[in-house]
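Please read the following report alongside the sequence and the coordinates.

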Amino acid sequence: MSEKYDSIQKGKVVADKNILLSIIRIATKETAGVASIASTFSHKIKGTVSSNVMDGVEIKYDKKGRLVIDVYVILHYNYNVSEVSHKIQKNIKNSVASMIEYVISNINVHVVDVILEPYTE
């Protein structure tokens with residue numbers, strides 16, 4: 001006895017917040033000019049209370065359910081801060097969109113420091 005299905009019901013895919021935070025961290029670290037993601041004391045405190053924070057990355061949702069991302073970075077000396085910030089935003093947007101298809105409202109890049117030692121690739 002065989003049954004014929006006219007349509008296939010799609011299920012719901014749910015990604016853990018840590019996966020999203022990891023994707024954002026990797027996309028940020030891969031950007032030329034980024035020395036590291038800044039880990040602040042307040043992020044450590046927030047991270048123990050909220051699952052929306054991971055060293056230097058914070059995610060929130062706006063009223064429409066879209067992602068608002070804040071990433072805190074330390075840059076290498078001799079890189080244009082504005083250009084690196086825009087590249088970080090682009091990398092995060094592309095990585096999140098291609099891996100888990102969340103709708104992003106804002107990506108805020110906070111440059112908290114610059115390493116003054118020359119960086120050689």
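The sections below describe the fold, the salt bridges and a surface patch.

## Basis of the model

This is a predicted model, in which local features need pLDDT of at least 70 and side-chain atom pairs count only at pLDDT 80 or more, while totals for chains, interfaces and linings use all residues. Residues are numbered from 1 along each chain as its sequence is written, and side-chain values use heavy atoms, with hydrogens and water left out.

## Overall architecture

The protein has 3 helices and 5 strands, where helices (H or I, at least four residues) and strands (E, at least two) are DSSP runs numbered from the N terminus. Read from the N terminus, the order of these elements is α-β-α-β-β-β-α-β. Of the contacts with a separation of 6 or more, 69% are between residues 24 or more positions apart, a contact being heavy atoms within 4.5 Å.

Of the 121 residues, 30% are buried; buried means under 20% relative accessible area, exposed means over 50%, and partly exposed lies in between (1.4 Å probe, protein chains only). The protein exposes about 8500 Å², of which carbon and sulfur atoms supply 51%, with areas taken from the Shrake-Rupley method with a 1.4 Å probe, where for residues only the protein chains shown count as cover.

## The β-α-β unit

Strand 4 (residues 67-76) and strand 5 (residues 104-115) run parallel and are joined by 10 bridges, two strands being paired if DSSP finds at least two bridges between them. Within this pairing, Val-68 has Asn-106 of strand 5 as its bridge partner. Together with helix 3, these two strands make a right-handed β-α-β unit; right-handed here means that, with the strands pointing away from the viewer, the path from the first strand over the helix to the second runs clockwise.

## Salt bridges

The model contains 2 salt bridges, each defined as a side-chain nitrogen of Lys or Arg within 4 Å of a carboxyl oxygen of Asp or Glu. In one of them, Lys-60 pairs with Asp-70, with the closest N and O atoms 3.2 Å apart. Lys-60 belongs to strand 3 (residues 57-61) and Asp-70 to strand 4, so this pair ties together parts that are 10 residues apart in sequence. Lys-60 is partly exposed at 37% relative accessibility, whereas Asp-70 is buried at 6%.

Arg-66 and Asp-62 also meet in a salt bridge, at 2.9 Å from N to O, and Arg-66 is partly exposed with a relative accessible area of 30%.

## A nonpolar surface patch

Tyr-77, Val-81, Val-111, Val-114 and Leu-116 make a nonpolar surface patch of about 410 Å². Patches are made of residues with over 30% relative accessible area and no salt bridge, like charges being joined within 9 Å and nonpolar side chains (Val, Leu, Ile, Met, Phe, Trp, Tyr) within 5 Å. Val-81 lies in helix 3 (residues 81-99) and is partly exposed, at 39% relative accessibility.
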